[in-house]
Amino acid sequence: MMQSYDVTIVGGGMVGLTLAKSLANSHLTVAIIEAREASELTAETENRVSAISFASKNLFDNLGIWTSLNASRITPYHTMQVWEKDSFGKIDFDAKQVNQNDLGYIVENKNLQLALLNAVQQQANITFLCPETLQNMAIGDGEAWLTLSSGKQLTSKLVVAADGANSWVRQQVNIPLTQWDYQHHAIVATVKTDEPHQACARQVFTPQGPLAFLPLYENNLSSIVWSLPPIQATLLLALDDEAFNQQLSRTFDNRLGLCEVQGKRQSIPLSMRYARDFAKHRIALIGDAAHTIHPLAGQGVNLGVLDAACLGQEILAHANVGDDIGLYQNLRHFERWRKTEATQMIASMELLKQLFNGNNPFKKALRDTALLMADNISPLKKQFIQQAMGLNGDRPYLCLKQSVTK
Ligand SMILES: Cc1cc2nc3c(=O)[nH]c(=O)nc-3n(C[C@H](O)[C@H](O)[C@H](O)COP(=O)(O)OP(=O)(O)OC[C@H]3O[C@@H](n4cnc5c(N)ncnc54)[C@H](O)[C@@H]3O)c2cc1C
């Protein structure tokens with residue numbers, strides 16, 4: 001039998017589930033189509049973690065999600081240190097400089113995804129279809145027609161692509177992509193260190209690329225994101241643990257003493273992607289389906305969950321006055337809003353990446369002086385901190401502190 005939904009979200013990752021939760025308790029019917037079944041969080045730390053900004057934490061608080069996370073696996077960080085290898089350039093940030101306790105939170109992606117999943121599965125207006133993939137989609141005037149891998153058929157007023165960087169939906173509706181290879185692969189791993197991290201997120205810029213140590217829930221445990229040219233990443237992955245540990249400790253200037261990698265290392269190719277349209281008739285794109293950026297500032301999922309919150313806000317505003325939520329004209333404000341935020345973020349990432357790229361002595365002197373100046377000019381530093389915390393820009397109401405509780 002054909003089922004009809006108001007909103008169908010393709011992809012039940014962190015971003016798709018955030019949108020679903022923002023539509024919970026409304027009069028709208030929502031379906032989520034997700035290809036992979038989720039597995040439980042185990043004692044072994046996940047390699048994929050995210051630095052969740054203050055704004056995103058507010059969003060999860062207001063959605064009633066934050067308290068459902070496994071609290072023993074959330075690490076608030078209060079300070080941040082950034083420096084350039086073999087130079088005097090450095091900048092330090094402290095939450096106290098903006099009268100806050102925390103700058104952000106390190107959370108395993110799976111921790112967040114499971115909390116969101118549990119929440120949406122309890123909602124009467126949300127149907128979670130998993131494991132299922134979308135196999136066919138036809139966009140009609142008044143609705144979209146969808147066929148799933150099980151043969152199930154649905155119609156929907158709006159289809160939301162939250163199906164990640166290689167979005168099937170985006171390709172089906174022929175939305176062109178601006179894309180460039182960052183010429184970096186990110187090695188991710190969990191690392192034990194001799195010295196405690198003291199709730200500080202650290203990043204060193206080397207001529208090959210940035211290396212970040214993100215503090216985890218034990219004082220001597222960190223998650224690393226090491227961005228390198230692909231050949232060097234391949235060579236590092238092939239090293240045995242001992243040789244890898246030595247290289248890692250040395251590259252990190254021994255800031256946390258000797259490092260000892262735990263479990264497997266993974267390498268992820270990094271590309272910038274930017275969809276030309278974030279919306280079309282009956283279609284909206286959010287999260288990695290709309291844009292991907294370099295992880296050097298830890299902002300990808302923060303941008304994505306804010307897309308979800310903005311789209312949720314727009315859908316509810318139109319539905320409440322009886323508008324057709326799938327009409328392009330009713331998606332245009334969402335599209336303009338999020339394209340502005342995404343392009344600003346992409347431009348900032350590009351500026352940072354180019355600034356720290358290579359060993360040209362003139363460029364090095366310039367950036368070290370710039371870093372020192374920024375470190376000593378409080379208003380400028382405040383601006384950087386607020387940007388990293390997600391407190392600048394036009395935020396959806398769910399990201400404002402204690403807006404609504406669902
Ligand atoms: C090394 C690295 C470090 C990062 N660190 C940070 C950080 O510190 N902070 C931060 O904010 N961001 C970070 N990011 C970015 C962040 O990980 C991504 O932006 C985020 O995971 C994107 O979430 P998403 O839900 O949009 O996509 P995904 O997580 O890719 O989810 C897409 C979902 O769709 C499903 N799916 C795909 N196709 C189909 C289909 N046809 N049918 C049904 N289901 C489908 C998939 O199974 C998946 O569950 C990092 C990225 C990298 C690579």
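How many bridges join strand 12 to strand 16? In this predicted model, strand 12 (177–193) and strand 16 (residues 259–275) run antiparallel and are joined by 14 bridges. One of the paired positions is Asp181, whose bridge partner in strand 16 is Ser271. Both strands belong to an open sheet of eight strands, with mixed pairing and the order 6-5-13-14-15-12-16-19. The edges of this sheet are strand 6 (90–94) and strand 19 (291–292); each has a single partner strand, so one side of each is left without a neighbour in the sheet. Helix 9 (residues 361–376) packs on the sheet, where it touches strand 5 (79–84) and strand 6. The direction of helix 9 makes about 25 degrees with that of strand 6.

A second open sheet has three strands in the order 3-7-4, with antiparallel pairing. Strand 3 and strand 4 (74–77) are its edge strands, and each pairs on one side only. On average, neighbouring strands of this sheet are turned by 25 degrees against each other, direction ignored. Strand 4 and strand 7 (residues 104–108) run antiparallel and are joined by four bridges. Ile74 has Val107 as its bridge partner in strand 7. Helix 3 (residues 109–121) packs on this sheet and touches strand 3 and strand 7. The direction of helix 3 makes about 85 degrees with that of strand 7.

Strand 9 (residues 134–139) and strand 10 (residues 144–148) also pair in the antiparallel sense, over five bridges. The two strands form a hairpin, with four residues between them. Ile139 has Ala144 as its bridge partner in strand 10.

Packing between helices was examined next. Two packed helices are described by the angle between their axes and the distance between the axes. Helix 7 (residues 300–320) packs with helix 2 (residues 54–62) at an angle of about 40 degrees, and their axes are 10 Å apart. Helix 2 and helix 7 are therefore oblique to each other, and their crossing is left-handed. On the helix 2 side the contact involves Ala55, Ser56 and Leu59, which meet Asn302, Val305, Leu306 and Ala309 in helix 7. Five of the residues in this contact are nonpolar, two are polar and none is charged.

Helix 1 (14–22) also packs with helix 7: the axes come within 8 Å and cross at roughly 25 degrees. Helix 1 and helix 7 are therefore roughly parallel to each other, and the crossing is right-handed. Helix 1 contributes Met14, Val15, Thr18, Leu19 and Ser22 to the contact. The residues from helix 7 are Val301, Gly304, Val305, Asp307, Ala308, Ala309, Leu311 and Gly312. By class, the contact of helix 1 with helix 7 has eight nonpolar, four polar and one charged residues.

The packing of helix 7 with helix 8 (residues 328–355) has an angle of about 165 degrees, with the axes 9 Å apart. Because this angle is over 145 degrees, helix 7 is roughly antiparallel to helix 8. Their crossing is right-handed. From helix 7, the contact takes in Leu303, Leu306, Asp307, Cys310, Leu311, Glu314 and His318. Helix 8 supplies Asn330, His333, Phe334, Trp337, Arg338, Glu341, Ala342 and Met345. The residues of the contact of helix 7 with helix 8 comprise eight nonpolar, three polar and four charged.

The ligand is surrounded by 32 residues, and the closest are Gly11, Gly13, Gly164, Gly287 and Gly300. Helix 1, strand 3 (49–53), strand 12 and helix 7 are the elements that give two or more residues to this shell. The largest share, four residues, comes from helix 7. By class, the shell around the ligand has 15 nonpolar, 13 polar and four charged residues.

Notes:
Residues numbered from 1 in each chain as written. Predicted model: local features only at pLDDT ≥ 70, side-chain atom pairs only at ≥ 80, totals over all residues. Axes fitted to C-alpha atoms, helices over the stretch in contact; angles between N-to-C directions. Parallel < 35°, antiparallel > 145°, perpendicular 65-115°, else oblique. Left-handed = near helix turned anticlockwise from the far one by under 90°. Contact = placed C-beta atoms within 7 Å. Nonpolar A, V, L, I, M, F, W, Y, C, P; charged D, E, K, R; others polar. Near = placed C-beta within 6 Å. Pairing = 2+ DSSP bridges.
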